Amino acid sequence: MGCHRLTTATALVFAGTPIAVDKFKTADTNRNPNTDIQLKANEDRDNAMKDCPGTTILMNLSQFYSACLYDLAADFDQVVDHKYAPLVWRSFQAKLGRFGPSGKQKKKPLEKDVSAAWSAVDSRHHLCPNHFLNLSEEKPDTNDDSKYKVDASFISNKHRKTIVSGKPNWPYIGILIEFKRGGTANDPFDDKPDHDPDATAKTRVAVRGQLMSYGGRLFSYQHRVAVYLLFINGDTFRVMRWDRSGVIVTEAINYVRTISGTKALLKVTHAFSKMSLEQQGFDLNVTMLVPRSCGYQRMDLLALPCNDDLDYHECMFDDSSAMHMVFTDADFAASFGTLCKDGHPLLHVDPSHDCKNHAASHRASPPVIPVLSFVRELFKRTLVSGYPRYMIKIGDRHYLVGKHIFIAFGLVGRGTRGYVALEWETQRFVFLKDSWRPYYEGLEQEGAVLSSLNDKEILNVPTVVQYEDVHYTTGDRLEQETEASHYSPVTGGKSVDDSNSSPMFSPLPGEEAELMEWLQSNTEADDPSETYRKLLATSRESVETESNPFSEPVEAVTMPEPLAGPSKNVLNPPSSDRSGGVKRSAEEVEREDKWTQGHGLRHMVHSRTVVKEVCLSMTEFTSSFQLTRIILSAFLAYESCGYMHRDVSAGNILIYPVVKCSNGKWSIYWRGILADWELAKHKDKHTAMQPQRTGTWYFMSAYLLAHPASPTTIPDELEAFLHVYVYNAVRRLNSNLNKITGFMNTYFAGYDLDDTCSAPTCPSSKRLSVVKSATLQSAERAVVFSNPEGTVTKEHHVNQLIAELLRMFHARYVVLEYREQERISKLARDGPHTPRREPQATKLNIITENAMERNAPPKNWSSKEAFRLQQEPVILSPPSQEDDELARSIEEHHGVLGLFFTFLTEMEWRKDDVVPDRQDDIVISRKALQATQVTGRVPGTTQTSKSCVVVNAAEETHEHVSENDVPTPVADAPAVRPTKRRRKDPVVQTAAPGSEGEPPVAGPSTGRITWSRSAANVGAVPNTTATTTRVTRSMSGVLPTRGGQRASSSRGSGRSNTVSRTASGSGGTRGRTRASSRAGPGHEDSDEQGSGKGKGVAGRSRRR
C-alpha cells in the first residue's frame, strides 16, 4: 500500500493528541536495564490497555474472510463433506448446548467446561486441518519469565513431536485461543454500530488486556507481522488479527445454536489451515535454527569465555604488549576471524545447514575474535534454554540471534526489540534493532539518518552496518506494513463495509428439513433427536423474542445487533467495578452518535537496523563525573548533527566502552552514544510528519507537555538533556529523598490535568522545578544530592550544575509567560469588542462578629483604593536583562555546551559518589540483587582478563570500586503472612511507640489505621524494626493512603501483598521480600504473581 500521507489539515487536528501517559514506563527495560521486572498480571494488562485507545476496527465476518483470511474459505462447501458441519455442530451441542440428553436446560458452563468441550470435539473432528489443539491453561513454559498460560492454541502437526504437552510452547503456536465461560462481562468488545467497539467496564477491559498480553508474548517469542487469535466466549466466538497498530475483530457469532454458526467457525479454521506461513503472520526473512545447525553450535562456542577478552571498565594499561592485536591494529582486526579465508568458507555459508558433527566437520573453523567482556556476557545471556534462536537475513548478510536483551512494552506500538547478534559473514558481535517505525511521507528511515551522520563523521552516534524496511518474500506485497492502520479515518485508504452483511447463521432454507431427517437416522444413545427438535423450536422462537444477530434471517440488517451492550465513548474512560459499565451523560451519548472507530491507529512499517556498537545502559556509570561526561558526549552528537532528535531520553543515551590510544598509552574509555534516531526530523523541515506527538513523556520539556500541539524546538531538546541528567542522578546518587518513588512519579511518570481542556499536562514537580522556580523540588521541598555516606551539601557539583541549568530554562518560561500576557493584552485591547450589558452593582454585606455592624466597612479602608483595584489589571513585570540573556542562550546549543565544559574541566569531582540503583518502582529478583554491583558492572563479568591501572581524573577516567568493597545484598528471606485474627486492641490515630516521623494518615474512605503488634512479616529479615503497619480496608475496598494518594487495592486480583525492606551494608542497598496469597474461590480465571507459599520473589507462581 505504501506510506501514508498526512495532510496539513489532519496535522492541525491531530498534532495535539495526548499520548497515553499512564503507560507503565518503568517496565520498559530501556529505562530500567539489568533488572528483573515482574509485574502483576492485572497491572501489566491494564497498562497495555491504557496505551492504545482507539485502535480497534470492528468488522463483519464476511469482510474479514476476504480482508484478513484472503478468501481462502470460499471453497469450503466444495471441498468439505456436507455432513462435516452438522457432525461438529452436534458434538458442540452435546457439550455446550442449552439442553441435556433428558431435555432439561443445562447450567451455564465454566471456563474449564468450555475448554474440555473443545478438546473433546477437536479430538473427534479435527477442527483445524493439519493442526492440533494444544491445551495449556495449567502450566507455563519452563523458562518463561512472564509465566503466561494462554488457554489453548492450534499448532501445526509438524511440531507435534517437538512440543511439551500441557504447556503453551510459544515458539510453535500458530493461532492463539482463549476460552471464557460466556456472557457480556467476559466480552471485551461491543458490536453496536457507530459506537466505540472497546468495552469500558472493568471486567471487560481486563479481558482485552489479557488477550493483548498473550499477543505481545507471541510477538516476543516469534518474528511476526501479525497474530491471529480465536476468542471463545461460551457459545460465541470472535476472530482477531492483531498487529503493531491495533486489532481487526469480528462480531460475536454463536457457533453452537445453529449449523450455520458452526460452519462459520469451521470456515475460519479451514481458511487458516490453507494460509501460507506468510499469510498467517510469520516473517519468512527469519529462520528458526535447530540445535544441530551450524549456526546454533557456533553460537554456543562463541558464548564461552575467551582468554583474550578485556575487562570493560575504564582503566589504563601499563603494558599493551599483552593485548590482542584486534584491539590495537584496525587493519588486522578487519580480516581476523571472518568466515572465509583466502576465498574459502571455513564454516557452512548457510548457518541453518544441518551440521551433525560440528567439531569434526570444521576442524579449521575461524578463530574466536576477542571483545570487551561485557559483550560476550550479554550474548551468552541471550542463549536461554527453551528460547528459540533465529537467523535473520538483512540484505546479503545473515545475523544469528537468541533472546532479545530488551523489548518495548505493550503489543500496540513500535515493538522495539534489541539483540546482541552474531554477523555470520564477519563472525563479529553487532547490535540489531528490530522495530516498527511510523510510515508517513517525509519521515526518514533511522538507518538513512545514521548513514548520513556517519558520512558527515558526526561523533558519538551509532555506526550503521545494515538497514532496511522489511519486505515480504512472496506475493505482490512489498513492505511489511500494519493492516489495521489502513482503516484509520485519519490516513487510511480502506473502510469497513457495512453494506455487505454477514450471514446471520440461522437455519438456511432447506437446511432444517435435511437436518431433522439426518438427526432421526443418526441418533446416538446419549444425544436423542428429540433434544435437537426442541432446540430447533427454541431457536425459531428466539428470532421473535431475542435481539440476537445469529437468529435473524439472511436478509437481516447490515451490521449485527450486539451481544454486548454499548460502551462509553471516551479516549480515557473511567473504570467501573460492575460489568455493566458506567452511566453516561447526555454529552457523552451525543459524542457516541458521532463515533468513528480507529482514530488512534498509526501506520507502521517493519524495519531493521544493524549498528557496530554494542553498548551499556546509561545507569551503569560509576561516578557523577562520568555521568556528566557521558551526557556531554551525547550532547555533542546532537549539537553537530543538523537534525531534531525528538526523543532524547535515558534509554536513548548509551555507554560505549572503547579501547583508545592517547600519547602512546592504551586505555579503556567510556563514551556517550546518542541512539534511536527513528523519530528524527531534519531541522529544515517545519511541517508535521505524523498525526501523533513524538517523544518520551518522562523527559519531554515542560512546555511540550503543556502545549502538545507545538513543534519540538532546540530549547525543548536541551531541556530533555537536563531531565535525563536529573533522572540518572536521582537513581544512582544519594540525596535527601528517603525514597525516590514519589519524586519519580511527580517529576517524570505522572501528570496533572489541564482544567481548561481535561488533557494531561506537565507533572507537578517538573513544573515547580522548571516553570515556577529554578530549584529542583519534590513536594515543594528542594532535592539535594549528597555523598554516599549521607553528607548532604549544596556544594556537590551535581547540585551546582543542575541549579545553573534550571536557571537557564526557568528564564525561558519567565520570558514565555510575559510574551503570552502581552499577546492576550493586545487581543483584549485591539480585538473586536462584543457589546454587553454592564452588571448591576451590588453591595457586599460584611459579616463581623457583631451582627449590628453588618454594613460597616473595615477600618482604614479607602473606597478610592477599591476603585483602583477594579480598574487596573495585574501586569507582570518585564523579564530582567539576565533572564533575557539566559533565555537566548538556550535558543542555540552554546549556553548548555559551555556550562558542561566548564564543570568538567575546571572542577574536581569525587570518584566514588554512586550508590546502587534506588529505583523503588520495580521488584528486583534475588539473583539480580546478588549480581548487581555498585560499579554498575554487568552481572556475570566478575573477573578481569588483563591487568590495568587507574587513570587520574585529568585524563577523564576514574577508578572503579573493587568488588571486595561492594556491600553484598541480603538474600531475600521468606516472608510469612500472619494469620488473620479478630482485633482486640483499640483503633488509634497516633504512631506506634518508638516509631519515627509522622503517624500514618488515613484516607477519607476508611478513616482508620491501626498498628499491629504482630511482627510476622518482618521477623525473618534481619536489621528491621519489629513494628509493622497494618492497614484495614473498608467495605468499599479502598486502602487508606499517605499524602492523599490512593493506594493500590488487591480487590479484583485475588491477591494481597506485604513488602518489607531492609538496608544491607552501606550505600542504600535494598532487599525485598514479598508474600502473596492466592486468589480465593470464584476467581476462575485470575492471574497470580506471588506463590502463596512464602517463597519470596524467587518463588513466583505462574500467571495466566
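Student: Which element gives the most to the lining of the second largest pocket?
Tutor: That is β21, with four residues in the lining. Keep in mind that we are looking at a predicted model here.

Student: Okay, and which other elements give two or more residues to that lining?
Tutor: Besides β21 (653-662), the elements giving two or more are α10 (325-328), α11 (330-335), α13 (373-382) and β17 (428-438).

Student: How much space lies in the second largest pocket?
Tutor: About 910 Å³. It has 29 lining residues, and Val-326, Ala-333, Arg-428, Lys-612 and Tyr-656 are the closest to its centre.

Student: How do the lining residues divide into nonpolar, polar and charged?
Tutor: In the second largest pocket you get 19 nonpolar, seven charged and three polar residues.

Student: Switching to cavities: how many of 30 Å³ or more does a search of the whole structure find?
Tutor: The search finds six of them. The second largest cavity has a volume of about 100 Å³.

Student: What lines the second largest cavity?
Tutor: There are 14 lining residues, and those nearest the centre are Arg-646, Met-700, Leu-704, Glu-717 and Ala-720. Helix α20 provides the largest share of this lining, three residues. By class, the lining holds five nonpolar, five polar and four charged residues.

Student: What does Ile-653 touch?
Tutor: Leaving out residues up to four places away in sequence, Ile-653 touches Met-618, Ile-630, Ile-631, Ala-634, Val-648, Ile-673, Leu-674, Phe-721 and Val-724.

Student: What does Tyr-65 touch?
Tutor: Setting aside residues up to four places away in sequence, Tyr-65 touches Val-268, along with Tyr-70, Asp-71, Ala-73, Ala-264 and Lys-267. The C-alpha atoms of Tyr-65 and Val-268 are 7.6 Å apart, although the two residues are 203 apart in sequence.

Student: Is Tyr-65 buried or exposed?
Tutor: Tyr-65 has 12% relative accessibility, so it counts as buried; the cut-off for buried is under 20%. Its place is in helix α3 (residues 61-67).

Student: You mentioned Asp-71. What is its phi?
Tutor: Asp-71 has a positive phi of about 60°, although it is not a glycine. This residue is in the loop between α3 and α4 (76-79), and at 47% relative accessibility Asp-71 counts as partly exposed.

Student: What about the phi of Asn-169?
Tutor: Phi of Asn-169 is near 55°, again a positive value in a residue other than glycine. Asn-169 is found in the loop between β3 (152-156) and β4 (173-180). With 6% relative accessibility, Asn-169 counts as buried.

Student: New topic: where does His-353 lie?
Tutor: In the loop between β12 (344-345) and α12 (358-361). His-353 is partly exposed, with a relative accessible area of 38%. Apart from neighbours within four places in sequence, His-353 is in contact with Arg-292, Ser-293, Cys-294 and His-348.

Student: And where is Pro-708 found?
Tutor: Pro-708 is in the loop between α19 (702-706) and α20. It counts as partly exposed, at 25% relative accessibility. Its C-alpha atom is separated by 9.6 Å from that of Pro-760, which is 52 residues away along the chain.

Student: Last one: how many helices and strands does the protein have?
Tutor: It has 27 helices and 33 strands. Of its 1104 residues, 54% count as buried. Among contacts between residues at least 6 apart in sequence, 72% join residues at least 24 apart.

Definitions and conventions
Residues numbered from 1 in each chain as written. Predicted model: local features only at pLDDT ≥ 70, side-chain atom pairs only at ≥ 80, totals over all residues. Heavy atoms only, no water. Contact = heavy atoms within 4.5 Å. 1 Å grid on protein atoms, 1.4 Å probe; cavity = no way out; pocket = protein on both sides within 12 Å on 5 of 7 lines; lining within 4 Å. Points joined across faces, edges and corners; volume = space filled by probe spheres on them. Nonpolar A, V, L, I, M, F, W, Y, C, P; charged D, E, K, R; others polar. Buried < 20%, exposed > 50% of the residue type's maximum accessible area, 1.4 Å probe, protein only.
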